[in-house]
Structures are given as C-alpha cells and as structure tokens.
Amino acid sequence: MINSKREVTDFDDIIDILSRCDTLRVAFGGDTPYVVPVSFGMKKTDRTLVIYFHGAKRGLKYELTDKHPNVCFESDICHKIEEFAHGITARYESVIGFGKIERIESEEKLAALQAICAHYGRADYSVANCSGLAATAVYKITVDSITGKRNI
C-alpha cells in the first residue's frame, strides 16, 4: 500500500468496515476479467472470514465458479467528497480480499441466506419459506487474505 497511514490492519476493524458496506464486488479470472456486484452476508469465527452471496443457477458467474475458483472481492463506503487546499479528496473506507469460491447446498445454504438477510437488517426473515429457494445458487468465499484502507 503506497500510503501506509491509510492502511487498516486490525482484523476486527476490517470486519467492521465490511459490515457497513452494502454491496460486494466479486472479480473472477479467465480469458476476460468479470466483476459482478452482489448483496452479501458473512460469518466470522476467530480470524477466519467466510462471505456468502446468491444468484441464479445459470449464467457466467455460475460457470466461472467451477472454472476459476480463485476470486478477488472489493467493497467500499464513500462518506463524502470534499475540497481542501490542494484539490479534492474522497473520504472513504474500503476492503479488498482474496479467496476461494464454491457453491454450497443443504443446511449451510439456509444459514448463508440467513446471514445475507441479517446483513441487511432482516435477521427475522425465514428463508426456508422462500419460493425461489430451489432456483437459487448460494456461493461461499473462504477468505485467504483481506486488507482495509480508510481516509476519514
């Protein structure tokens, strides 16, 4: 990181930033890079982080999961843009990470969907009764590394 003053190194601080983000962008490799914005949820245990998101059981995201399981993800919060003596700057917080992606099923699928609902303030919603459940693919990113940055 070029400006080390902005680096966030504490794992719990990075998780706090991510918990306040509303969109996660997942980047897949391959012949042509592919980035997709997703709604997400997460589960933290000790110093381990797992991120969940969902989508259709078809399409490029679905195909790339099998072909290229190594992914990069990014999420950010832009607090404001402000002028200062030398120009303009953004006040922001962001995270970038790397991990392995896979599709999940059964009980873990339901727990993952509950984590996504909880992230958006709907922990009380029962995903087991959702009519689209059978047609929904649920993805899990096991995070290998994650970094944070802020300018606030």
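Which residues of helix α2 (residues 60–67) are buried? I looked them up in what is a predicted model, where local features need pLDDT of at least 70, side-chain atom pairs count only at pLDDT 80 or more, and totals for chains, interfaces and linings use all residues. I number residues from 1 along each chain as its sequence is written, and side-chain values use heavy atoms, with hydrogens and water left out.

**Helix α2.** I took helices (H or I, at least four residues) and strands (E, at least two) as DSSP runs, numbered from the N terminus. With buried meaning under 20% relative accessible area, exposed over 50% and partly exposed in between (1.4 Å probe, protein chains only), I find Lys61, Leu64 and Thr65 as the buried residues of α2. These residues sit on the same side of α2 because they cover an arc of only 110 degrees around the axis, the arc being that of the directions from the helix axis to the C-beta atoms. On the face turned away from that buried side I note the exposed residues Asp66 and Lys67. Counting contact as heavy atoms within 4.5 Å, I list β2 (24–28), β3 (34–38), β5 (48–56), β7 (87–104) and β8 (136–151) as the strands against which the buried residues of α2 pack.

**Positive phi.** I next looked at backbone angles, keeping in mind that most residues other than glycine have a negative phi. Asp46, in the loop between β4 (40–45) and β5, has a positive phi near 50 degrees, and at 70% relative accessibility Asp46 counts as exposed. Ser106, which lies in helix α3 (residues 106–119), is not a glycine either, yet has a positive phi of about 55 degrees; I record Ser106 as exposed, with a relative accessible area of 56%.
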